[in-house]
Amino acid sequence: MEKQTIDSMVGVLDARMNRQLKQYMDICARCAICKDACHQYVATQDMKYLPARRAELLRQIYRRYFTKAGQFLPALYEAREPDENLMDELYESTYACTGCRRCTYYCPFSIDTGWITSVSKGVLIAAGRGNEMLGQLADAALFKADNMDVFDEIIVNGFKDVVRELEEELGRPVAIPVDKQGADILYVALAGSHSIKPAAVIFDAAGASWTLSKFEAANYGFFFGDPAKAKLIADRFMNEAKRLGVKEVVITECGHAYRVAEMFYEAWAKEKMPFKVRHILEVIDEYIKDGRITVDPKGIAEKVTYHDPCQIGRNGGIYEQPRDIMHAIAPDFVDMTPNRETQWCCGGGGGIVAMEEFNDVRLKSGGKKVEQIKATGAKLLACPCENCRLQIEELSKVHDLGLRIVPVMELVAEALR
Amino acid sequence: MDWFSYLTSGIGVYVALVVFTGGMAWRAWQWSRTPKSPVRLALYPKPKTGPGRFGKLLVDTFAAPQSFKIAPAIMVAALLFHLAALAAFVGHLRLVHEFTPLVAVLGVDGMNTFAAWSGGAAGIIMLVAVLYWLGRRTFGAYKNLSVPEDYLLLALLLGIVLMGDHLRFVGGLHAATYQAWFASLMAFRPAFPAELTSSVTRYALDWHMLFVDAFLIYFPFSKLTHAIGAFATNAVRTGE
């Protein structure tokens, strides 16, 4: 590889270096306990999907350029200069990782392979080996933000169409406020009406003071592995929230978007936001418990199960609110086994559903989730994450599960009295 | 002392201790001067209070209950090895100073018998654990994950344990002989007592110490820095 490219990669690794990453690089015992935690390794037995191996590839570069020991005795540590072979393996193992952090949960040192792969993505981008599709999707989001004078009318007209659809469905007027100064809530949805309509019905029933963001929650800059772009994409609705003076930003049923907004954004922006960030299911659970909305306890008569998306569960701490909601509306709710912090990743996170080249490993790695769903006997699955839904819908077709997969809030909207 | 004994059981001990202590301090300093991750990397659920988080940190670091659930065999080997190593380390402190209260309870013969059994058990457990790891790393499905560092560390451990077990089971010398050698080390005048000089056991001791010295010197530059690093990384798991 050219020296300039290597310098660029090492520069990115240096810029992304922090105490945790350094410790992850230094202390991994390569015990491979993580092998049975990773849905991709369990499904394929392919070394490049072993979490410790994913980290080891970055460690080889780290050892070579950041440790005296690796420079003095490279053979002992397998420290190496990056070459095309290393970059090929790094690309496959890194962009395939869904960032579910199940390996972190089981690691005796809590080594965060998801975090390590996010840095590896930065190194790949510096080498011109970032995933093209994710990069294009990130750039498209930023293009929209930079050209709002062109897009504003289109977006607002789109929302008006959603209002019309909803009013036809409900047979009564419903408001979807946009740009409402001083609203309590800025609701950040996904592209498409499916994440707007049920929330609008619920906010309406609760008498909430809310306004809909003109920007979607999805953040392909995060999946791409570029924190600067990820921040710019999140800036769009965070700045909107500041401008409107809302009390809280509520993120729709999208795993990574919640984690970006709640866990990462303030650190990236280096400022404390004047509002709090919550997940829509936290808000709905509160509405039910406070009596702001009334739901039919038998509203969902069918047997239903729930999938814990990694980014709001293990990585976000939202376990009980969705279960409390399900118990409030569905008498035949049944949990999967394992669940909560030990649940299996469905295989669709980390942007992998947008990268066709990983279709084989993605579908194979959903095997554990298929087993879990089958074991419940449910044909209805509540799933509060868009990527998980896309993945499980495809798994359902491939494995002929006959599942109906819906957002939790859609079930709540169905069960509203 | 001949030159080999002096190198391994004399000056080598000082060098090893200085490099180990300085190296670990340097490693900790190196970590501490690197800025913390600005983003929150916790795993959920986690305790809400400071004492709760500290308690979980200790449990995660010393017992790793979640690791036991997914990989019981290697975790049992790891736990037994670490406990046996701790017991062996504590037992070696007897060479610095006799455990007087224990001798008062057990008597001199009783103490020697207790040391023989406990030290012997620790030595066997460590040997079995190291052989298990070596086998797992060499013949396991993920041997391609291993790097030469992994084998070097296991080779050093195997050397330490084999020679240590030789001293325990074959050497035939009692603690008092080693205590005299340790006293000379602590007085910065390393020398073997006559009983040791005249015994072939000293070769086993020299090789035991060669492996110990090399192990301690290499420790701060190896993955074994998890001995202190694991506290920091496990703290991130339950962090704010």
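Two strands count as paired if DSSP finds at least two bridges between them. Helices (H or I, at least four residues) and strands (E, at least two) are DSSP runs, numbered from the N terminus. The model described here is predicted, so local features need pLDDT of at least 70 and side-chain atom pairs count only at pLDDT 80 or more, while totals for chains, interfaces and linings use all residues. Residues are numbered from 1 along each chain as its sequence is written, chains are lettered from A in the order in which they are written, and side-chain values use heavy atoms, with hydrogens and water left out.

**Strands 3 and 4 of chain A**

- Strand 3 (residues 248-251) of chain A runs parallel to strand 4 (residues 276-279) of chain A, and four bridges join them.

**Helix 19 of chain A**

- A:Lys369, A:Val370, A:Gln372, A:Ile373 and A:Thr376 are buried in helix 19 (residues 367-376) of chain A (buried is under 20% relative accessible area, exposed over 50%, partly exposed in between, with a 1.4 Å probe and protein chains only).
- These residues lie on the same side of helix 19 of chain A, because they cover an arc of only 165 degrees around the axis (taken from the directions from the helix axis to the C-beta atoms).
- On the other side of helix 19 of chain A, A:Lys374 and A:Ala375 are exposed.
- A:Gly377 follows helix 19 of chain A and has a positive phi, near 80 degrees.

**Where chains A and B meet**

- In chain B, 49 residues are in contact with 52 residues of chain A (heavy atoms within 4.5 Å).
- The two chains bury about 4500 Å² between them, and carbon and sulfur atoms give 61% of this area (the accessible area, with a 1.4 Å probe, that two parts lose on being put together, summed over both).
- Five salt bridges are counted between chain B and chain A (a side-chain nitrogen of Lys or Arg within 4 Å of a carboxyl oxygen of Asp or Glu).

**Salt bridges of B:Asp150**

- B:Asp150 forms a salt bridge with A:Arg30, with the closest N and O atoms 2.9 Å apart.
- B:Lys223 also forms a salt bridge with B:Asp150, at 2.7 Å between the closest N and O atoms.
- B:Lys223 lies in the loop between helix 9 (201-218) and helix 10 (226-238) of chain B and B:Asp150 in helix 6 of chain B, so the pair ties together parts that are 73 residues apart in sequence.
- Both B:Lys223 and B:Asp150 are buried.
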